[in-house]
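This report goes through selected parts of one protein model. The sequence and the structure come next, followed by the details.

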Amino acid sequence: MKTLAAILVQTKNPLVLDEIEIPKLRKGQILVKIHYSGICGTQLNEIDGKKGEDKWLPHCLGHEAVGTVCDTGPGVSRMKVDDNVVLTWLRGEGIDAGGVQYGWRKSVVNAGPVTTFQQYAVVSESRVFTTGSSALTDMHVLMGCAAPTGMGAVRNVLRVQKGNSFLVFGSGGVGLCAISMARKLGANPIIAVDISDERLKLAKSFGADITVNLTSESIADVIANHCGGTIDCAVEACGSPTALNDILGFLRPQGGKVVVIGNAADGSAVTIPSVEFNMGKSILGTWGGDTKPDQDFSSYQKEIERKSEVFGQLTSEKFSLEDINVAIDKMRTKDVTRPVIEMF
């Protein structure tokens, strides 16, 4: 059996669309028919060569999607044929079957435990989750990456409390999910920062009280006027070392904290004055919002479905697999916040 896939053959070049041969399923592997796949900033970094040397070329891409189980390999116990599922890069329970090699042009295309830029994908059982929904929509792709990373960072890492002032630097998919959870937990005020008016408009609908466009407004003035000059909690979701230093300057002494989510280019570094730590400020890292998929996904799903009209805005821009390079270009230029690839 073959499947159409978008393959990264060479960094800094468009993806190559071609058919690849699906291998026989090994222990712990699942064959999933992909209905919708999201495109994340991580894939942009891979394509643009910002993650350093890529030793796995050519390879498949993508790590958030929804689909239907078509077949299961030996040992799979958590899924069955015809289950509607979410695919994610976050490892949960079940067998971790490792990578995959697809046949292609008398050679092979590499893939990790989960890839989603293809019509059919072989995925490890540990990266596939049922949701209980009879049908999965384009919004549910967010559960594969943006929702657990953004919502989890706010709930699990920062542990935002009611009344905390909250700043999110970068209003892409992850930042918007962070805003939604901050609103749910009662943060006030919530300030969203970006350089795109369209993204800031979305941030308002997700729950931001105040928006700041860095190209024309002063974030320092906004924080001074609305928060007394300092912020309790912040999310860095734009991958900018400069932004992280700016956020540190705004954090409240003796307790202010920021979680770093954005993926900076390989080799990037941050120089932090030691006095920031002496003042009792904290910089926190996270692996997917410290999310445990088997325990946390149901709550993210409820939040997405509760605010379906809002989350639907984030995934409203659809592209065919044949137009995936167009979608990538539009995401790169911020013309689209979270493009969704509709496979069939």
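## The second largest pocket

The lining of the second largest pocket consists of three nonpolar, four polar and seven charged residues. Here Ala, Val, Leu, Ile, Met, Phe, Trp, Tyr, Cys and Pro count as nonpolar, Asp, Glu, Lys and Arg as charged, and the others, Gly among them, as polar. The lining has 14 residues, and Glu-198, Leu-202, Gln-313, Glu-317 and Thr-337 lie nearest the centre of the pocket. A pocket is an open set of points on a 1 Å grid over the protein atoms alone where a 1.4 Å probe fits, with protein on both sides within 12 Å along at least five of seven lines; lining residues have an atom within 4 Å of a point.

The space in this pocket is about 230 Å³, where a volume is the space filled by probe spheres set on the points, and grid points are joined across faces, edges and corners. Helix 4 (197–206) and helix 9 (308–314) each supply at least two residues of the lining. Four residues, the largest share, come from helix 4. Helices (H or I, at least four residues) and strands (E, at least two) are DSSP runs, numbered from the N terminus.

## Basis of the model

The model is predicted: local features need pLDDT of at least 70, side-chain atom pairs count only at pLDDT 80 or more, and totals for chains, interfaces and linings use all residues. Residues are numbered from 1 along each chain as its sequence is written, and side-chain values use heavy atoms, with hydrogens and water left out.

An open sheet is formed by six strands in the order 13-12-11-14-15-16, with parallel pairing. Strand 13 (210–213) and strand 16 (282–284) are at the edges with a single partner strand each, so one side of each has no neighbour in the sheet. On average, neighbouring strands are turned by 15° against each other, direction ignored. Two strands pair if DSSP finds at least two bridges between them. Strand 11 (residues 166–169) and strand 14 (residues 233–236) run parallel and are joined by four bridges; Phe-169 has Glu-236 in strand 14 as its bridge partner.

Helix 4 lies across strand 12 (190–194) and strand 13, and runs at about 170° to strand 13. Axes are lines fitted to C-alpha atoms, for helices over the stretch in contact, and angles run from 0 to 180 degrees between N-to-C directions. Contact means heavy atoms within 4.5 Å.

## A crossing of two helices

The axes of helix 2 (residues 146–158) and helix 8 (residues 293–306) come within 11 Å and cross at roughly 105°. The two helices are therefore roughly perpendicular, a term for angles of 65 to 115 degrees; angles under 35 count as roughly parallel, over 145 as roughly antiparallel and the rest as oblique. Residues of helix 2 including Met-151 and Arg-155 meet residues of helix 8, among them Phe-297 and Glu-303.

## Hairpin and backbone details

Strand 7 (residues 100–104) and strand 8 (residues 107–111) run antiparallel, joined by five bridges. They form a hairpin with two residues between them, and Arg-105 in the turn has a positive phi of about 50°.

A cis peptide bond, with omega about -10°, joins Leu-57 and Pro-58. The bond from Asn-188 to Pro-189 is also cis, with omega near -5°. Pro-189 lies in the loop between helix 3 (173–184) and strand 12. Gln-254 is not a glycine, yet has a positive phi of about 60°.
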